[in-house]
Amino acid sequence: MNSFDPRINRVKLPALEEFKPLEPLQEWETYEVFHQKKRGDQHIHVGIVHAPDNDTALMFAKESFGRRRQTANLWVVKSRDVVPTDYDDQDIFETTPEKTYREASDYYCMDRIRKYQQEHGIVDRKELRRKEKEKASKK
Amino acid sequence: MSYTGQQKNTIKDLLFKMADDQLILGHRNSEWTGIGPFIEEDIAFSSIAQDKIGQSLALYNILHEQLGEADPDTLGFARSEKEFKCCHLVEYPIGEYEFSLMRNFLFAHADYLRFEMLADSSFEPLAKVAKKFRGEIKYHVMHSDNWIKKLGTANDESHSRMQSALNETFNLALGIFEPSEFENELIEMKIFAGEESLKSKWLETIKPILEEASLKLSDEKDWKPSFGGRKGSHTEYLQPLLNEMGEVFRIDAKAEW
């Protein structure tokens, strides 16, 4: 093989037709990679690596997905252990648009909670902290 | 802390051999970029190569900023072969992948232990970078150990290839520990505890891993360390590499990219 890249020429690769295609079982397992930015955060799916075993999968995941971002922890999970829904059943996720009462955003209850707190002398810590912060910033 | 001229030369000698090892091995390992055995390994090994270049830069920076040497680009690209202090191990061409893996394994362990020792160095700028490199080199060690153990025991072909790679690289690796003429000063000044002490730690570390990988070291009486590199006497492979590496710099020293 003749290449413009001197490194390619140096390794004296065989001509292309000499490469034999892989048999199906020669291929490695696929692993799903999950990335955690900080301790306590959720692990978020970021991609896949191919590897012959768990240790090697972690080793690759570190370089492929942990090197350019803040990372506290990585998980690798064999793709075949993931249980998916069926795309044929995608319609189960469609909801009727009129049913906003099923969504949390449709409830207005804070005014009632505040009223209850005042009546019963309950201190809302969140509210307190907010007020303290406001005071501090005025100083 | 202020040093006498002789003390400065002692420190420089240590820094140059470390920085040159990192630069040349980094360059060699980067030759696998794009032609690694498969994509994930290509990324991992390239990244290890980049770490090495970064480590050499940090060491050249100390030479430049603290010890009055030229800027890192000039040190990396414009010195003659004789002025390089790298060991022979890092100079060899990449060979087959098992050669590069075995070289990286033998080097990474020495590297990790060296910087662990240097974390307590009385020369503060060096102690500081030594601590900074720890995480990077720990990964290099994990990467190497994983492959050495897996390929040493996977099947007959992989085992025999790893064994010949070990046979080819071991004497070269012993060259890492070629004593300098300043060993005693370095130890007295508490800058570095010395090559001999590093070598015995290194042997203690790699032996059980090689054993787990079913790989055999030759008898100690047959060991022939490949010395000379630390004194500027190199293999035939270094000069062509320096030519290639410094090509752009020689055309235009101020080039930016």
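Which residues line the second largest pocket? The lining consists of B:Leu23, B:His27, B:Ile53, B:Gly54, B:Ser56, B:Leu57, B:Tyr60, B:Pro72, B:Asp73, B:Gly76, B:Phe77 and B:Met245. Please keep in mind that this is a predicted model, where local features need pLDDT of at least 70, side-chain atom pairs count only at pLDDT 80 or more, and totals for chains, interfaces and linings use all residues. Residues are numbered from 1 along each chain as its sequence is written, chains are lettered from A in the order in which they are written, and side-chain values use heavy atoms, with hydrogens and water left out.

**The pocket in chain B**

- The second largest pocket has a volume of about 250 Å³. (On a 1 Å grid over the protein atoms alone, a pocket is an open set of points where a 1.4 Å probe fits, with protein on both sides within 12 Å along at least five of seven lines; lining residues have an atom within 4 Å of a point. The volume is the space filled by probe spheres set on the points.)
- Helix 2 of chain B gives the largest share of this lining, 5 residues.
- At least two lining residues each come from helix 1, helix 2 and helix 3 (72-77) of chain B. (Helices are DSSP runs of H or I with at least four residues, and strands are runs of E with at least two.)

**The sheet in chain A**

- Three strands of chain A make an open, antiparallel sheet in the order 2-1-3, with strand 2 (44-51) and strand 3 (73-78) at the edges. (Strands pair if DSSP finds at least two bridges between them.)
- Strand 1 (residues 29-36) of chain A is joined to strand 3 by 6 bridges, and to strand 2 by 7 bridges.
- A:Glu29 has A:Ala51 as its bridge partner in strand 2, while A:Tyr31 has A:Lys78 in strand 3.
- In strand 1 of chain A, 6 of the 8 residues are buried (under 20% relative accessible area, with a 1.4 Å probe and protein chains only).

**The nonpolar cores**

- The largest nonpolar core has 65 residues, and B:Met102 and B:Trp202 are among those with the most contacts inside it. (Such a core is a set of buried Ala, Val, Leu, Ile, Met, Phe, Trp, Tyr and Cys residues joined through side-chain atoms within 4.5 Å.)
- A second, separate core of 22 residues includes A:Ile8, A:Ala51, A:Phe60 and A:Val76.
- Beyond its neighbours within four places in sequence, B:Met102 is in contact (heavy atoms within 4.5 Å) with residues including B:Ile148, B:Met162 and B:Leu215.

Conventions
Buried < 20%, exposed > 50% of the residue type's maximum accessible area, 1.4 Å probe, protein only.
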